[in-house]
Structures are given as C-alpha cells and as structure tokens.
Amino acid sequence: MLALAAIVAPAAIVAVLGWVSLRQWEASADLLFREQARDMAAMAVEKVEMMLRHAEDAFLDRLQALLSGTGADARALDGLLRETPLVGRLYLFDQEGRALYPAAPRAGDPAVLARLQAEILRAGWDRGAKRELIADGQVCVAVILKSRDGRPALAAYTRDREILRRDILAATLGALESPTILAVLDHEGRPVYSRAPLADATRLLAVGFREGLPNWRVAAYQPAGASPRRAVRRQVTVFTAAFAALLGVIVAGIVATWRLMRRETEMARLKSDFVANVSHDLKTPLSVIRMFGETLEMGRVTDEAKRQEYYRMITRESERLTRLIDNVLDFSRIEGGRRVYETAPTAVEPLIRDTLEAFAYPLAQQGFTVDVRVAPDLPEVVLDADAVGQALANLVDNAIKYSAGRRALTVEARVADGRLALSVADAGIGIPAAEQERIFEKFYRAGRSETEGRRGSGVGLALVKHVAEAHGGTVAVESRPGEGSRFTLRLPVAGPCRES
Ligand SMILES: Nc1ncnc2c1ncn2[C@@H]1O[C@H](COP(=O)(O)OP(=O)(O)O)[C@@H](O)[C@H]1O
Ligand SMILES: [Mg+2]
C-alpha cells in the first residue's frame, strides 16, 4: 500500500506539472504559429515588391529610351505596350498638361487623367519621383521622365490586374512553402490572389505593402481544422493516454508483486507449520511403539493374550507410521514431479476393504458405525491401486480425525456418468463453504480453532487431488459445518493415465 502511494503521489505531481506545461506549450505553439505566419507574409510582401520593381523598372528604362530617342511616337509606344502585358494603360503628358499619348482618350481615361492632373499640380515636377495613387478604382503609377528636348514629361500607367495576378503574385507566392494560406488583398480588401480557397479559413493577420501597391496587403489565413491549438490538444490526448497506460501498468505490477509476496509469506508460514505438524504426527505412534516395546522387554507381561495384543499394537502403530511417512514422501515426490503411476485393471471392492482394514482398530475403538456400499455390478477399473488406496486412506483418516459426537462412516462405490464414483462420508465437524476450495491446497488446514488438537500435515487432500487428476478424474467435497462432509473421487472407468 505504501508502494502504491509512493507511485501515485509522484504520478499526480507529474500529471499536474505536465498539465501546466502543456497549457504553456499550447499558448506558445499558438504564438509561434502566428509569428511564423507573420514572417511568411512579410517575406511574401518583399518578394512581390521586388518582382514588381524588377518588371516595371525594365519597362520604364525602355520607355525612357524611347522618349529620349524617337520622342512620344505613338507606333513605338503601342509596340512597347504590346510587349509589356503587365502595363494596362499608358498616359504621357508634357509640362503644360497636354496629353502626348494616347492621342484619343478612351472610356474611363478622363477620370484617371483628372486625378493625375491634380496630383501633378500638388506634387510638382521633381524628376524621377515615382508615385502610386488610386484612380478609377485601380492603382496608377506616375513617373517623371525626360523627353527628347530635355524637358520633363509625366508618364502614368495602370497595371493589368490579371497579368499582375498571374505573372507576379502567383509566380511569387505559389512557390512559398507555408502551413498558412497566403492571399493578396487589394486596397478595398478584395482578394486578388490566394493560394487556396479561403472559404472556411480564418484570417490570422495581414502585412501591408510599402511600395508599388498602395493599401494592398498580404494576408495569412489559417486553413479550416489546422489550428495549432488543436494539434497540441491531440498530442496532449495521446500523451495523457500513454501516461495513464504507464501508470496502470505500474500499479498492476505493484499489486501483482504485493500479492506474490503475500503468497510467499503465507507459504513460508504453512511450511513451517507443516514441519511442526509432521514431527508431532510421527511422535504419537512412535511413543506408543516405544511404550509397548519397553513393557514387553521388561518381561513383566506374563499373560500371553496380553502380550499378543501388545505385539498387534506395535504392528498397527508402525503401519500407521509407515502410512504417515509414505504420505509425506509421496507428497514430496509429487512436488518434485517424480511421482509415477502404474495402472492396471483393478477390482474396486477389495481395494476398499483393504483400506478400511487398516483402520479397523481406530474405527472400532472410537465406536464408528461403518457402512460400505459397493454397487454389485462394479466393473474392474484401470487405476494405480496403491495411489487410489492411499487417497482413500487419507479420506478415511480425515473422516475419523474430524469426527465429532456422531461417529458414522459411509464408503460408497458406484458408476455414474461413465465414471467410478468413490465417496467417503462422515457426520463430523464439517467444513465452512469459504474453506472448501482451499483445503485441497498443500499445507492448508481449515478452521484453526476447530482442527485444534487434531494434528495433521495439511498435505493429505493435496495428495488426494493429485491422484485424482493423474487418473484423469476429479475430487469434490460437499460439506456443512456441524453436519458432516462427503468427499467424492470420480475416476474414468478406463481412463487415461498420465505421469507426473
Ligand atoms: N472429513 C473432514 N471433515 C472436516 N474437515 C476436514 C475433513 N477432511 C479434511 N478437512 C479439513 O481439510 C484440511 C486439510 O486436510 P488434509 O489435507 O487431509 O490435512 P490434515 O488432515 O493433515 O490437516 C484439514 O485440516 C481439515 O480442516
Ligand atoms: Mg488429512
């Protein structure tokens, strides 16, 4: 129990610590995820800006070259626009605000132009300055260039949204590896490009562009079901389950060890009892033999009949001694797995009579009524006569030993369900139901107070059980405390016999 507490207490501490650190882990996983998403978005912004700058600088270089060379030649400019699909519309003005290109404004152009005029008036004509502004719902880039006569000219262009999406945004963001979905939102918050459908995704954060795309942003979305908290929680569940399983195994181990230890201690106690009981059991017949031996030796017994009785006494007691020693020896053989059974077809009735014969004296002396009922048509049964006789002797010995006021012994033999049923019944002290299982265990002796004064080694019934099982049979007990017991050996009539 102490060991159990020693396991459970640290386990509880570990569980609490684990829970706390998992909470922190969960929070920091979330934070980390967000930070990674922010880094990712910032990187995407930089890359898009770079790509865009690269593409447009090339365009502007060629435009400047054209202006310095042929001037605002409509054919050349048309050609340049065709070769640069990214640029949607191009406008060129001189310093007085006269349109140099295109010659005829198209639908939507006036709004753009008005916005540009206003912007230029406000900002002045500093050369090289590049500005982005929103006109007519789209981004318009204005740049001051130098015309052929050395005077500044204003170039303004819009971008083709589709080409921007395909050649710049998709080309840049499509290649970025990230657990989040990156999307580009325009100045009105409409997605221009996203790497995956945004339907169920939740927006984590957005990073604005610094140049090229005013008020546009790169937003990081978390795909549905990919929450880092949920991932951590899954791990927590797995960890908890593993921890619980481990704890279970440890507790089971401790309980098993504790049980084993208890069994071992119990066994050690039973063994020491056994030694004391056996020694005492042997002493009784020995002292009887010695007493009569000495009496005879002294030559004081002159009566021949008396002398004969003393001799018989000595023989009987030495027979009992032999039986006791055989029991212990056989038991030790069984324990060592060295007991060998030799079977042969045997008549049952003589076996019973011989066994009872050995107990004739104590039975008569204690006033037992003995009832032997052997079925008349009993066949010969294949068995080890010595072993079965010994088992029977143990049962009869117990019936005598554990008798009380009423002294009656019934030995029965019949065939039932294809098996030989040998039963020994008494009207003795009986056995409590709770003990009936255990009395067949080696060294076990039931009800200490009841058996007190009745010496025994506790191996008798273990031996009976072994004999029964070696013959492929069983032994069972029916008993009620105070009323008596009936032990029944059931052996196959021509059953298998195994060595053990
Ligand atoms: N006929 C019986 N009546 C009452 N109790 C019995 C009887 N036979 C066996 N027992 C109980 O079973 C226990 C085990 O019997 P056994 O193995 O023969 O050991 P032992 O007789 O040496 O004590 C006995 O100690 C006794 O408590
Ligand atoms: Mg016994």
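Helices (H or I, at least four residues) and strands (E, at least two) are DSSP runs, numbered from the N terminus. This is a predicted model, in which local features need pLDDT of at least 70 and side-chain atom pairs count only at pLDDT 80 or more, while totals for chains, interfaces and linings use all residues. Residues are numbered from 1 along each chain as its sequence is written, and chains are lettered from A and ligands numbered from 1 in the order in which they are written.

Because 10 of the 11 residues of H11 are buried, this helix is largely enclosed by the rest of the structure; a residue counts as buried if 20 or more other C-beta atoms, placed from the backbone, lie within 10 Å of its own. Among the buried residues are Gly460, Leu463, Lys465 and His466, and the buried residues of H11 pack against helix H6 (304–335), H9, S15 and S16, contact meaning that C-beta atoms placed from the backbone lie within 7 Å. Just after H11, glycine 472 takes a positive phi of about 75°.

S15 is joined to strand S16 (residues 484–492) by seven bridges, and the two run antiparallel; threonine 474 has arginine 490 in S16 as its bridge partner.

Ligand 1 is surrounded by 22 residues, the closest being Asn398, Arg445, Ala446, Gly456 and Gly460, where a residue is near if its C-beta atom, placed from the backbone, lies within 6 Å. Helix H9 (385–401) and helix H11 (460–470) are the elements that give two or more residues to this shell.

A second topic is the open sheet of four strands, ordered S7-S6-S9-S8 with antiparallel pairing. Strand S7 (191–194) and strand S8 (202–208) stand at its edges with a single partner strand each, so one side of each is left without a neighbour in the sheet.

Conventions
Two strands pair if DSSP finds at least two bridges between them. A residue is buried if 20 or more other C-beta atoms lie within 10 Å of its own, exposed if 12 or fewer, and partly exposed in between; C-beta atoms are placed from the backbone. Two residues are in contact if their C-beta atoms, placed from the backbone, lie within 7 Å.
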